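Take a look at the sequence and the structure below. The paragraphs that follow lead through them step by step.

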Amino acid sequence: MKLGTKRVLAWILVLCRVLVSAPGLAYAHSQEQKKSLTDGDLVMEYEIVSAWENRINVSVKLTNNSNNPIENWSIAYDSIGEVENMWNASVVENRNGKMTVKNLGWNQDIAAGQSVSYGYILKSDTQYMPTYLSLLNAKKNDLTEEKFAFSYVVYSAWDNGMNANISIANRSGEDVEDWTIEFDYPNVITEIWNAEVVEYTNHHYVIKNAGYNQNIVSGSAISFGFLANPVDITAEPENIKLTELYDCDDLYCGKQLLPAD
């Protein structure tokens, strides 16, 4: 073997040793790691996509395996490190080895059989994999009368029909999330827009947001309209109750999820 060839091989060997011994570079080329946690309704797929020095690129996919939507989702799980950047979700809390993550509003509901994903950059000296996960239960909260304003107006009426509109203004000082409103009303709603009638019994209506208008930002208002068969054209909605769904921020109010088989 020629001397030049030997020198080239020697330099290649030295370079290989440097690459292997350099902790930052070795960390960057570590094998991808994945882990699944599930409770039968929600499956979380946690993946370390890449890592370099003390930074980790994490991808999380949440899948709803139930027959019902998961509304206004938020989750908590154990984590080591500081989140530097997160996309498609927000960090509510990250301390004492526990991180709570919440939707961004536009992705707050996970339909049956569907998934949402988010990711983040974690500053950490270890590629830690979570050992537990908790789906935080969304709780109902009835807003008191001083926290919202209800407005009802009849735009037009005719012999066997009427066109009316309802507005809800948020005066609570905080966003109202995933709203539902209930009231007693004698007229029979036949068509509705910007909302959905989910229950009607004995002239009592339960009306839910349309999804795209599910949150009422503090200081703002939403409205929906409807057509109805008038029983009493002068009657207005009574016994009004506005309800929101908010996430429980106590880890133990959620359901503990176990590693998938």
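**A walk through the sheet**

Start at Ile-168, which stands opposite Ile-222 in strand S17. The model shown here is predicted. S17 covers residues 221-229. Its partner is S12, and the two run antiparallel. Eight bridges join them.

Now turn to the pairing of S12 with S11. Strand S12 spans residues 161-170, and strand S11 spans residues 148-158. These two strands also run antiparallel, joined by ten bridges. S11 and S12 form a hairpin. Two residues lie between the strands.

Next come two loop residues. Most residues other than glycine have a negative phi. Asn-72 has a positive one, near 50°. This residue lies in the loop between strand S3 (55-64) and strand S4 (74-78). Is Asn-72 buried or exposed? Its relative accessible area is 0%, so Asn-72 counts as buried, the cut-off being under 20%.

Asp-178 is the second case. Its phi is near 55°, again a positive value in a residue other than glycine. Where is Asp-178 found? It sits in the loop between S12 and strand S13 (180-184). Asp-178 has a relative accessible area of 1%, and therefore it is buried too.

Last, consider confidence. The protein averages a pLDDT of 85. At least 70 is reached by 80% of the residues. Residues 18-30 have a pLDDT below 50. Beyond near neighbours in sequence, that stretch has 19 contacts in the model. Over residues 250-258 the pLDDT also stays under 50. How many contacts beyond four places in sequence does the model have for residues 250-258? The number is 28.

How values were computed:
Residues are numbered from 1 along each chain as its sequence is written. This is a predicted model: local features need pLDDT of at least 70, side-chain atom pairs count only at pLDDT 80 or more; totals for chains, interfaces and linings use all residues. Side-chain values use heavy atoms; hydrogens and water are left out. Two strands pair if DSSP finds at least two bridges between them. Helices (H or I, at least four residues) and strands (E, at least two) are DSSP runs, numbered from the N terminus. pLDDT is the predictor's confidence in each residue, from 0 to 100. Contact means heavy atoms within 4.5 Å. Buried means under 20% relative accessible area, exposed over 50%, partly exposed in between (1.4 Å probe, protein chains only).
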